[in-house]
Amino acid sequence: MTPRFLIADDHPLVRAALGETLRRRWPEAEILEAADFDTVTERLAPADPGAADTEIDLVLLDLTMPGSQGLMGLMLLRSHAPTVPVAVVSAQEDPETVRRALSFGAAAFIPKSASVEGIQDTIAAILRGESLPTEPPAQDAADDQDLYQRLATLSPQQLRVLAMIGEGKLNKQICFELGIAEQTVKAHASQIFRKLGVVSRTQAALVMNRLAPGGGV
């Protein structure tokens, strides 16, 4: 089977380097690119979802690319395409960032400083369906897991609404960008607040802050 990769990073040189790394191990691979998060979601929603050759085998995601909003981007992809593994590729290599990315559903964390062979071996393991080693749990891992489970109850549309609430957008702006009625936005917001255990847009925005790069818990 010829693998199909999606490299999601806003830096052309990084995309080129990752593409070359993939081609060295999988010379026949089909490699797609995305410089912003909207393009990532478009790539994961092909015109003919039933066609076998349109399936993506692995997304290589930079958490800080435009529109990703840190771990929210990872959550959106996991909700939008739950069967497609997502490997986080990041220059932020501190143990906390690694642990949180894995806690929020990443198939693997690949440091941008990793060797070509190391990147290839990790990706090969993901394609084989192997379980990769994870970081040891930290004291606040339980809080992350609780937040992940609550966010996982949100629909893809509710996650989009939450992301926009985190950006400080008003209901009218959200309904315009998503093409839905304002009453629908309000209904989504009510469900979001209930599922997250918050009572206001401010508290929901604070949840979003925890998903930002370096947001912690």
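Helix axes here are lines fitted to C-alpha atoms over the stretch in contact, and angles run from 0 to 180 degrees between N-to-C directions. On that basis H7 and helix H9 (residues 182–196) pack at an angle of about 90°, with their axes 10 Å apart. The model is a predicted one.

**H7 against H9**
- An angle from 65 to 115 degrees counts as roughly perpendicular, so H7 is roughly perpendicular to H9.
- On the H7 side, the contact is made by Gln 157, Gln 158, Val 161, Leu 162 and Ile 165.
- H9 contributes His 188, Gln 191, Ile 192, Phe 193, Lys 195 and Leu 196 to this contact.
- Sorted by class, the residues of the contact of H7 with H9 are six nonpolar, four polar and one charged.

**H7 against H10**
- Between H7 and helix H10 (residues 201–211) the packing angle is about 100°, and the axes are 8 Å apart.
- This angle makes H7 roughly perpendicular to H10.
- Leu 162, Ala 163, Ile 165 and Gly 166 of H7 meet Arg 201, Ala 204, Ala 205 and Met 208 of H10.
- The contact of H7 with H10 has six nonpolar residues, one polar and one charged.

**Largest pocket**
- The volume of the largest pocket is about 300 Å³.
- Its lining has 13 residues, of which Phe 37, Asp 38, Leu 76, Arg 160 and Met 164 are the closest to the pocket centre.
- At least two lining residues come from each of helix H2 (37–43), helix H7 (156–166) and helix H8 (171–178).
- Five nonpolar, three polar and five charged residues make up the lining of the largest pocket.

**Aromatic pairs**
- The model has two aromatic pairs, counting rings whose centres lie within 6.5 Å.
- In the pair of Phe 5 and Trp 26, the ring centres are 5.5 Å apart and the planes are at 55°, so the pair is tilted.
- Phe 5 belongs to strand S1 (residues 4–8), while Trp 26 is in the loop between helix H1 (12–25) and strand S2 (30–34).
- The pair links distant parts of the chain, with the two residues 21 residues apart.

Key: Residues numbered from 1 in each chain as written. Predicted model: local features only at pLDDT ≥ 70, side-chain atom pairs only at ≥ 80, totals over all residues. Heavy atoms only, no water. 1 Å grid on protein atoms, 1.4 Å probe; cavity = no way out; pocket = protein on both sides within 12 Å on 5 of 7 lines; lining within 4 Å. Points joined across faces, edges and corners; volume = space filled by probe spheres on them. Helix = DSSP H or I, 4+ residues; strand = E, 2+ residues; numbered from the N terminus. Nonpolar A, V, L, I, M, F, W, Y, C, P; charged D, E, K, R; others polar. Parallel < 35°, antiparallel > 145°, perpendicular 65-115°, else oblique. Contact = heavy atoms within 4.5 Å. Phe/Tyr/Trp six-rings, centres within 6.5 Å; stacked < 30°, edge-to-face > 60°.
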